[in-house]
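Please look over the sequence and the model first.

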Amino acid sequence: MNKPELNIVINDSRWEDKITAIDDLCRHVFTTTFAFMAKEEPSELFTTKATLVVNLSLSNDEEVHRLNKEFRNMDKPTNVLSFANVDDPDFEEELANADDFLELGDIIIALETLEREAKGQNISLQDHLSHLLVHGLLHLLGYDHQEDKEAEYMEGLEIKILQHLNIRNPYEE
């Protein structure tokens, strides 16, 4: 596998005011997640010659609300949205034929919801952003939490990756 690539777009300037060195933090979480997953959960994705590309948008409740309503029929903001290309019926063919770049999808995180949740859980914005980014990345890698068993497995992966980032288990009471 080539080194994966993270494209970061900051769509709300307040992000940079809230979290110092946000670009470095997101890249660290990204590389840690990919290294862990390539080692612990190897798949065809990690043996491709193509560079795996993820697009991260650090946005706000207004944009996430609009996207959530448009694509999920949910008329409210949420903390993180993931648009995974692995869900596309043509993805297997794209993976097999990818030579240079393979887009895994997009992650959009809402600042205001992140802040409310971090405050409510008494955790730092950096730790909560890290958790939401790990969560979104797992979705782009094909993991889901629709069924209880899937949710338990995905949460277990999140917990292990967050341990590598020295972040406590977000699911503990």
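## Basis

Buried means under 20% relative accessible area, exposed over 50%, and partly exposed in between, with a 1.4 Å probe and protein chains only. The model is predicted: local features need pLDDT of at least 70, side-chain atom pairs count only at pLDDT 80 or more, and totals for chains, interfaces and linings use all residues. Residues are numbered from 1 along each chain as its sequence is written, and side-chain values use heavy atoms, with hydrogens and water left out.

## Helix 6

Helices (H or I, at least four residues) and strands (E, at least two) are DSSP runs, numbered from the N terminus. Helix 6 spans residues 125-140. Of its 16 residues, 14 are buried.

Ser130 sits in helix 6. Its relative accessibility is 2%, so Ser130 counts as buried. Ser130 touches Leu25, Val29, Leu162 and Ile167 (heavy atoms within 4.5 Å), leaving aside residues up to four places away in sequence.

## Aromatic pairs

Rings of Phe, Tyr and Trp (its six-membered ring) pair if their centres lie within 6.5 Å; planes under 30 degrees apart are stacked, over 60 edge-to-face, and the rest tilted. The count is 4 aromatic pairs. Phe30 and Phe34 form a tilted pair, 4.7 Å centre to centre with 45 degrees between the planes. They are 4 residues apart in helix 2 (residues 22-40), so about one helical turn separates them. Phe30 is buried at 2%. Phe71 and Phe83 pair edge-to-face, at 5.2 Å and 70 degrees. Phe71 lies in helix 3 (residues 61-72) and Phe83 in strand 3 (residues 80-84). Phe83 is partly exposed at 25%.

How values were computed. The expected span of a helix is 1.5 Å times one less than its number of residues.
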